[in-house]
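I opened the notebook to look up charged side-chain pairs. The entries follow in the order in which I checked them.

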Amino acid sequence: MTQWLRFTQKAAGTADFRAEVLTGLGQAHKCLPPKFFYDREGSALFEALCATPEYYPARAETAILRDHAGAIAEAVGRDCVLIEPGSGASRKVRLLLDGLRPSLYLPLDICGEYLLGAARALATERPGLRVHAVCMDYGRGLDLLESCLPPGDHKRVVFFPGSTIGNFEPGEALAFLVQVARLVAPDGGLLIGVDVRKEPERLHRAYNDAQGLTRQFNLNLLRRINHALQADFDPDRFCHYAFYHTRKCRVEMHLVSRGAQRVGVAGESLGFADGESIHTENCYKYTVEEFRALAGMAGFRTVECWRDEEGLFSVQYFELGGQGAD
């Protein structure tokens with residue numbers, strides 16, 4: 001059987017990366033968007049992090065997808081156009097492909113080199129699967145994807161695992177869900193992994209693993225900036241700091257400056273006070289009911305929700321139109 005693989009490059013260039021980094025580091029409360037974690041090294045570190053015993057989201061979600069693959073396929077249906085923003089190594093979607101048998105799989109990722117390698121591996125492994133990999137920053141708008149979608153009346157389904165939706169501020173999460181609804185209209189679906197609230201101690205362990213992989217993942221962001229923007233960050237002069245913010249129901253990740261220092265970035269000199277942080281990521285946690293309400297505001301109706309045995313995580317399926325479970 002002939003392998004079918006296409007690759008389209010729509011990602012932003014170095015100039016956009018430079019602008020976003022300098023804008024974030026120039027604010028009174030310094031911040032960087034978590035999408036920039038995922039260069040080749042960052043993507044590899046995240047894959048390793050997902051295998052640690054402390055990082056329950058990957059383990060719990062994988063168990064849900066494996067144990068409920070048949071029910072998920074029955075709910076979603078076969079022959080859809082399956083779109084996965086932030087696909088990474090496309091590991092989780094492998095658990096669903098036999099049941100879903102999509103007419104086309106579109107993995108989207110910001111790191112073109114890593115995406116192409118993962119897409120080639122999947123296409124080689126499954127020569128009957130049509131794969132169109134699209135290198136793009138889906139945060140800039142899913143409408144950029146329209147030119148890559150095939151004509152016809154195939155149902156469109158967005159697969160968004162990993163609780164990546166938790167990286168968005170709630171208002172941004174709603175805006176993204178509205179984009180998804182527009183992309184899959186009129187009768188498409190959304191299969192999404194959503195982390196649920198739990199005791200802060202477990203969350204703390206998940207984002208502060210004993211092997212220090214989360215720390216390396218966080219610090220790699222500075223190494224990426226050094227490489228891409230001729231910066232001179234010394235990662236040893238920053239420490240990884242992650243904690244659960246009880247009132248805001250989110251895990252926050254920061255890089256905290258060890259002492260006062262100045263750093264050159266793309267020709268600019270930036271000052272850091274002792275203890276000043278760069279806010280690199282939020283991971284919001286929702287109850288199932290809260291997320292159903294949020295999806296409902298974007299026009300989705302709940303079809304089904306699956307949980308792992310410990311109740312640590314949820315995979316939820318929504319559709320536009322029709323009758324779903326409230």
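Is arginine 202 buried or exposed? I looked it up in this model, which is predicted. Arginine 202 has a relative accessible area of 19%, and because buried means under 20%, arginine 202 counts as buried.

Next I looked for its partner. Arginine 202 forms a salt bridge with glutamate 310, at 3.5 Å from N to O. I placed arginine 202 in helix H8 (residues 200–206) and glutamate 310 in the loop between strand S12 (300–307) and strand S13 (313–320), so this pair ties together parts that are 108 residues apart in sequence. Glutamate 310 is exposed, at 55% relative accessible area.

Then I turned to lysine 35. Its side chain meets that of glutamate 20 in a salt bridge of 3.1 Å, N to O. Lysine 35 sits in the loop between helix H1 (14–25) and helix H2 (40–49), while glutamate 20 is in helix H1, so the two join parts 15 residues apart in sequence. I noted lysine 35 as partly exposed, at 23% relative accessibility, and glutamate 20 as partly exposed, at 24%.

Lysine 35 has another entry: a salt bridge with aspartate 137, with the closest N and O atoms 2.5 Å apart. Aspartate 137 is in the loop between strand S4 (130–135) and strand S5 (156–160), and the pair links parts of the chain 102 residues apart. I found aspartate 137 buried, at 7% relative accessible area.

Last, I checked for shared partners and the total. Salt bridges join Asp16, Glu20, Lys35, Asp137 and Arg140 into one network. I recorded a count of 21 salt bridges.

Technical notes: Residues are numbered from 1 along each chain as its sequence is written. This is a predicted model: local features need pLDDT of at least 70, side-chain atom pairs count only at pLDDT 80 or more; totals for chains, interfaces and linings use all residues. Side-chain values use heavy atoms; hydrogens and water are left out. A salt bridge is a side-chain nitrogen of Lys or Arg within 4 Å of a carboxyl oxygen of Asp or Glu. Helices (H or I, at least four residues) and strands (E, at least two) are DSSP runs, numbered from the N terminus. Buried means under 20% relative accessible area, exposed over 50%, partly exposed in between (1.4 Å probe, protein chains only).
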